[in-house]
Amino acid sequence: MTLSACSGGADDASKTAEQTPTADAGTAAPAATATVLDANTATAEQLAGVEGVTPELAAAIVAGKPYANASALNKKLLEKLKADEAAKVLVGVFVPVNLNTGSEADIKLIPGMTDKMVHEFLEYRPYADMGVFDREIGKYVDKIEGARFRNYVTL
């Protein structure tokens, strides 16, 4: 996968670095290569291997399937966990957000998401394909962050 950013010299490079979102202090953002399980397809055994997911929570997640969206999964997590604990689980277990139809609330649940990036995700709708996503979001984040975001979205 490649991301293409507008290249306009040093000013653009520093602007991109300044706009690169960082995770909230309590929410670690995963590496781009980290596996993010889809809550709708993962087994209880797979879920139990995710940091912050006990066997009991894994069973509750499986019992709650199918999840219409990330907000529905988050609601299930909040039945068992505090908000900061649920946010940590969402790093490794998620319901992919459809870039063209996902709600703003679902986009905000993507780990490490900032208000600026929520705006950018919404601004470029509709996305014809993931290449458009890579190109447009690549204007604001580096390749690693763009690849990390791909773990949480779909078309």
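The points below go from the chain as a whole to helix packing, the nonpolar core and individual residues.

1. The structure is a predicted model. Its protein chain contains nine helices and four strands, and along the sequence these elements follow the pattern α-β-α-α-α-α-β-β-α-α-α-α-β.

2. Of the 155 residues in the protein chain, 41% are buried. The accessible surface of the chain is about 8000 Å², with carbon and sulfur atoms contributing 53% of this area. Among contacts with a separation of 6 or more, 61% are between residues 24 or more positions apart.

3. Packing of helices 3 and 4. Two packed helices are described by the angle between their axes and the distance between the axes. For helix 3 (residues 55-63) and helix 4 (residues 70-80), the axes come within 10 Å and cross at roughly 145°; the crossing is right-handed. On the helix 3 side the contact involves Leu-57, Ala-60 and Ile-61, which meet Leu-73, Lys-76, Leu-77 and Lys-80 of helix 4. Classified by residue type, this contact comprises five nonpolar, two charged and no polar residues.

4. The largest nonpolar core. In soluble globular proteins, nonpolar side chains tend to be buried together. Here the largest nonpolar core has 42 residues, and the members touching the most others are Leu-73, Leu-77, Phe-94, Ile-110, Phe-121, Phe-133 and Phe-149. At least two residues of this core come from each of helix 3, helix 4, helix 5 (83-92), strand 2 (93-94), helix 7 (115-123) and helix 8 (130-137).

5. Leu-77 and its partners. Which residues does Leu-77 contact, leaving aside its neighbours within four places in sequence? They are Leu-57, Ile-61, Ala-86, Val-89 and Leu-90.

6. Asn-74, buried or exposed? Asn-74 lies in helix 4. The residue is counted as buried because its relative accessible area is 15%, and the cut-off for burial is under 20%. Not counting residues up to four places away in sequence, Asn-74 touches Ala-86, Leu-90 and Leu-109.

7. Thr-43, a loop position. Thr-43 is found in the loop between strand 1 (37-38) and helix 2 (44-48). With a relative accessible area of 34%, Thr-43 is partly exposed. The C-alpha atoms of Thr-43 and Ile-61 are 9.3 Å apart in space, while the two residues are 18 residues apart in sequence.

Technical notes:
Residues numbered from 1 in each chain as written. Predicted model: local features only at pLDDT ≥ 70, side-chain atom pairs only at ≥ 80, totals over all residues. Heavy atoms only, no water. Buried < 20%, exposed > 50% of the residue type's maximum accessible area, 1.4 Å probe, protein only. Contact = heavy atoms within 4.5 Å. Areas by Shrake-Rupley, 256 points an atom, 1.4 Å probe, with all protein chains shown as cover. Axes fitted to C-alpha atoms, helices over the stretch in contact; angles between N-to-C directions. Left-handed = near helix turned anticlockwise from the far one by under 90°. Nonpolar A, V, L, I, M, F, W, Y, C, P; charged D, E, K, R; others polar. Core = buried A, V, L, I, M, F, W, Y, C linked by side-chain atoms within 4.5 Å.
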